[in-house]
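Q: I should like to learn how to read the features of this model, one at a time. Could we begin once the structure is displayed?

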Amino acid sequence: MAEFRVCPDSGFYFHKSAESLMKVNAVVGIVALLIAGLLALGVVLTRWQEVHWLPADTFYMVLTAHGINALIFWIIFFEMAVLYFASSTLLRCRVATPAWGWIGFFLMLIGAVMNNVAVFSGSSSVMMTSYVPMQAEPHFYLGLILFAVGALIQVFVFFGTLVVAQTEKTYEGSVPLVTFGAITAAIIAVFTIASGAIILIPTFLWSIGYVSHIDAEMYRVIWWGMGHSSQQINVSAHVSIWYLVAGVLFGARPMSEKVSRFAFLLYILFLQLASAHHILVDPGISTEWKIFNTSYAMYLAVLASMIHGLTVPGSMEVAQRRKGFTKGLFEWLRKAPWGNPVFSGTFIAIVTFGFIGGITGVVMGTEQINLIIHNTIYVPAHFHATVVTGTTLTFMAITYLLIPVLFRRQLFLPWVAKMQPYVFGGGMTILILFMLGAGTMGVSRRHWDMDFAGAAMAFEYPAIAYTMMAIGAIGGVLGIVGGGMFLLVAVGSLLFGKKLEASAGIMESFAGKPLADSVYNVDKPEVLAMAPQLEEDHHEGFEAPGTFMLAMLLLVTFVVYYFINWKYLASVWPLG
Amino acid sequence: MTSFMPPADRNWWKVPVGRQELIWIAIALVWCIIMFLMMPLWHVYGKQNLSTEAYQTTPAKFGAKVEEMISQYKVGEEAGMPVVAPPVGSDVYMLGRLWQWYPILKLKKDQEYRLHLSSMDWQHGWSLQPDNINLQIVPGYDMVLKVTPDKAGTFSVICNEYCGIGHHTMVGKIYVEE
């Protein structure tokens, strides 16, 4: 029986099992995003001191649930969908052992629900990091462990699918760059999940009384092997999607396969060292260890991101120039499809991830500069620039592509979709910039009351810190509205979007029968051929000068901001 | 077309890299090396470097040292908490617990002290304001740093590691006198 369909709009081949697995993972991820977004409202409206909405216990519970649902459940579920797409769909092969994929998915689902139950019962408000010896309910840890095991199973289904593609020769030459990036993400995921297991399993045993003591410092070092590395899965995944979007929308070719793949390889080799970023002001950690690890050996993973920062927009520029948009430095960018949310979302993600997320991350990850930033609200500002305007906005952008291609529905309320990346990206950028400012003034993260009500001794932040938190919160509310617009379009499209192809029914579509049987009429997809050679392929000139200017702007911003922070550090109490 | 297709050239790793990418990689690498060198350089020429001196301890042992210091050098009381003025250059202790930084310290400007920090229970964040120095305080570890307060005035220590429902009330104090 034919198991494949070809999407007439995009030319992608979908294997029936892969399609169902992609859908369930993506949809559950989006549900987690919905929960996280609603909770975000509680967080920003409480930290906006003039509003100060939730009582302390609710606030900490909401903050815990917001962090876990957004950073772990939303992103990792969606990444599972990305892995199926990058293997089965791009390589035109059947998915390996789909039954195991379902087992993995259900373990993740059970784990996510179990963890949320623990948090919302109110007795596990321990924050996403759950630093020992503060203890959560046993099912808080067990939920995370089941989730991680499920994710690991799906990652191995991905590896198996790559083997299927290779042995059944469904493609010529080497795997595409996007698949290569996804492999990077999957390899980092294995490392990440292993670190999580090493620390969460003993912590679970401690919570039920089988282990008497978990060393708090050891917990921090190993937990961050999961906590930070999981963000590196996101980086690899969303950079892969950037390349995919450049290819789909512009027909862009990577400027150099060698350079881009080398940059991904640097991620595998060095990104994991970043757990050190969280340990820089901890007791007793040696200076050499901190310098080597916090800098990813010698900023080699930063080098990788700077390379992608040039080659992703650079490949778009080359493609645009080939189409005739050659006037000046930036005609290619001005004439880009800014009304298409797939493009605008991706481009806003590239800019905010690079200019804000990347620069602030390196600055606060500098061994000594961390002294003036650790645990201030600067930290969540940084990672909202990487994980929200970077990863989440990228995933939103690709969802606008997946709705017609994967779900075979027309976009519901396309004008909302058109505005959504600007509202979401703009609102979040305001939140991030003002949180960065407040953090520089010493405002604490994970803190219910910047007035310190009830404290025996008073401390007052300068008035400007309050103003920054208020403006940031307004940006946050705008960002949440933008998130709501995304959910409206995504969920609306699945329920009410015009069907582009005969559906098997809403329930069937999530249970191994995505579309009507008649749609699956391809027995064996054509072998994926190598990209055609172009005459001008072996150029050596400056084919993307506009992007080069943008890259130099990034560098100048980076250098100036980096040294400003050293100057600020020099003004605080000498320590030795 | 090709980001999601196999590379046009089967031997893609042999295709020469364009001038633009090479220049950017070179610039970026130089910047990475500069940033890398800044950290050891600051250890030589900078004044804000975190010491690596730390000892394993227990809440009972650390608490006893705090009490010993208080009994020797207590100069007053404020908000029910002892104010301690230990001698210049001595070992000075401050502990974090639910939800206090204990005791209040009185230090002399431009003099060096050996400051010991630890937690009696959960993890805490020692955040000196408004100077903005932030340290992670971990139970079971006695963190020792040489500090030289270089400004006179009243400083607050707030907690910036979440430590439960009273987290926001955890405010301590350090006086620095001329």
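**Reading a sheet and its surroundings**

Q: In β10(B), which residue is the bridge partner of B:R114?

A: The partner of B:R114 is B:K146 of β10(B). The strands concerned are β7 (residues 113-119) and β10 (residues 141-147) of chain B, which pair in the antiparallel sense over five bridges. Please note that this is a predicted model.

Q: What is the order of the strands in the open sheet of chain B?

A: The five strands run β1-β10-β7-β4-β5, with mixed pairing. In chain B, β1 (54-56) and β5 (100-102) each have a single partner strand, so they stand at the edges with one side lacking a neighbour in the sheet. From one strand to the next, the twist averages 20°.

Q: Which helix of chain B packs on the sheet, and which strands does the helix touch?

A: Helix α2 (residues 59-73) of chain B packs there, touching β4 (91-97), β5, β7 and β10 of chain B. The direction of helix α2 makes about 125° with that of β4(B).

Q: Into which domains is chain B divided?

A: Chain B is divided into domain 1 (1-49) and domain 2 (54-177). Taken over C-alpha atoms, the centres of these two domains of chain B are separated by 43 Å.

Q: What is the mean pLDDT of chain B?

A: As a general idea, where pLDDT is low, the predicted coordinates should not be read in detail. Here the mean pLDDT of chain B is 95, and 99% of its residues reach 70 or more. The model scores ipTM 0.96 and pTM 0.96.

Definitions and conventions
Residues numbered from 1 in each chain as written. Chains lettered and ligands numbered in written order. Predicted model: local features only at pLDDT ≥ 70, side-chain atom pairs only at ≥ 80, totals over all residues. Pairing = 2+ DSSP bridges. Helix = DSSP H or I, 4+ residues; strand = E, 2+ residues; numbered from the N terminus. Axes fitted to C-alpha atoms, helices over the stretch in contact; angles between N-to-C directions. Contact = placed C-beta atoms within 7 Å. Domains from an automatic or database assignment. pLDDT = per-residue confidence, 0-100.
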